[in-house]
Amino acid sequence: MKRASKQITKERVHKICGILNQTYSTEYKCYLNYETPWQLLFATILSAQCTDERVNQVTEKLFVKYPTLEAFAHADLKEMEQDIYSTGFYKNKAKNLILCAGQLLERHQGQVPDRLEDLVKLAGVGRKTANVIRGNIFHEPSIVVDTHVKRISKLLYLTKNDDPVKIEQDLMKVLPREQWILYNIQIITHGRSICIARRPKCGECPLQTVCPSCEV
C-alpha cells in the first residue's frame, strides 16, 4: 500500500473526519459516569493517571458517601485519601477535591463555571479537565489533549508538537469546529481498540489510507 501523504490538506483532514464519523458514529459519549456537573468535574480530576473504569468504580461509592459539595468540602482529608486510594496520587487528589468543593461553594454559588479562565483557577483543574467540562456539560467546542489524542494526532501528522496546549491549538486550526468534541471521543475509542500504543493493529485500522504512519 502506498503510504499516505504527511501534508495537512483539507482533503486529507476531511477524509480522516469522515472515516472517524463512519467508524465510531457522531454520538457524544463520556466514559466517566456522573449525574451532575460537579460530579463530572471531580471524576475528571480523579481520572489523571488512572483508567476511566477504575474511576467509575470509585465514584460509584464516593458520590453516595459524599452526595453534595458541602459533604466534600467538610470531608476528613485522611478518610478521603482512603476513599480514592486506588485511583493513584490519592494525597493530592483528595486535597484538591476538598479544596475544589469549597471553591465552588464560595466563588460560584455551588455551580460549575463555564469559562475556561474560571475553571483552571479551581484546585486540581488544568486545561484538559476544563475542556472536558466545557465540552460535555456546556457543549462548547473544545479539544481535550489526552495521551491518545496526543499520540494518534502525531501519527496522523496533524501536529508535530509534544506540548498539549500547542497540540490543542494545532488541532483547532485544522479540524472543523463541529468535529472538535467528536474527535476527542473518537480518537480515545480508536486508541483503546485499534491504535494501541504498544501493539497497533494497522492491518485492521480504518484510517490506514490516510495515516502516514501506517505499517501495512
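**Burial, cysteines and a helix pair**

Tutor: Ile19 has a relative accessibility of 18%, and because that is under the 20% cut-off, Ile19 counts as buried. Bear in mind that this is a predicted model.

Student: In which helix is Ile19 found, and which residues does Ile19 touch, leaving out those up to four places away in sequence?

Tutor: Beyond the residues up to four places away in sequence, Ile19 touches Pro206, Leu207, Thr209 and Val210. As for its own element, Ile19 lies within residues 10-24, that is, in helix α1.

Student: How many disulfides does a search of the whole structure find, and how far is the nearest cysteine sulfur from that of Cys17?

Tutor: The search, which covers the whole structure, finds zero disulfides. A disulfide requires two cysteine sulfur atoms within 2.5 Å, whereas for Cys17, which is in no disulfide, the nearest cysteine sulfur is that of Cys211, at 14 Å.

Student: Does Cys17 count as buried or exposed?

Tutor: The relative accessibility of Cys17 is 6%, and buried means under 20%, so Cys17 counts as buried.

Student: At roughly what angle do the axes of helix α2 and helix α8 cross, and how many nonpolar residues does their contact have?

Tutor: The axes of α2 (residues 37-46) and α8 (residues 127-136) come within 10 Å and cross at roughly 150°. On the α2 side the contact is made by Pro37, Leu40, Leu41, Thr44 and Ile45, and on the α8 side by Thr129, Val132, Ile133 and Asn136. Sorted by class, the contact has no charged residues, three polar ones and, as the number you asked for, six nonpolar ones.

Key
Residues are numbered from 1 along each chain as its sequence is written. This is a predicted model: local features need pLDDT of at least 70, side-chain atom pairs count only at pLDDT 80 or more; totals for chains, interfaces and linings use all residues. Side-chain values use heavy atoms; hydrogens and water are left out. Axes are lines fitted to C-alpha atoms, for helices over the stretch in contact, and angles run from 0 to 180 degrees between N-to-C directions. Helices (H or I, at least four residues) and strands (E, at least two) are DSSP runs, numbered from the N terminus. Contact means heavy atoms within 4.5 Å. Ala, Val, Leu, Ile, Met, Phe, Trp, Tyr, Cys and Pro count as nonpolar, Asp, Glu, Lys and Arg as charged, and the others, Gly among them, as polar. Buried means under 20% relative accessible area, exposed over 50%, partly exposed in between (1.4 Å probe, protein chains only).
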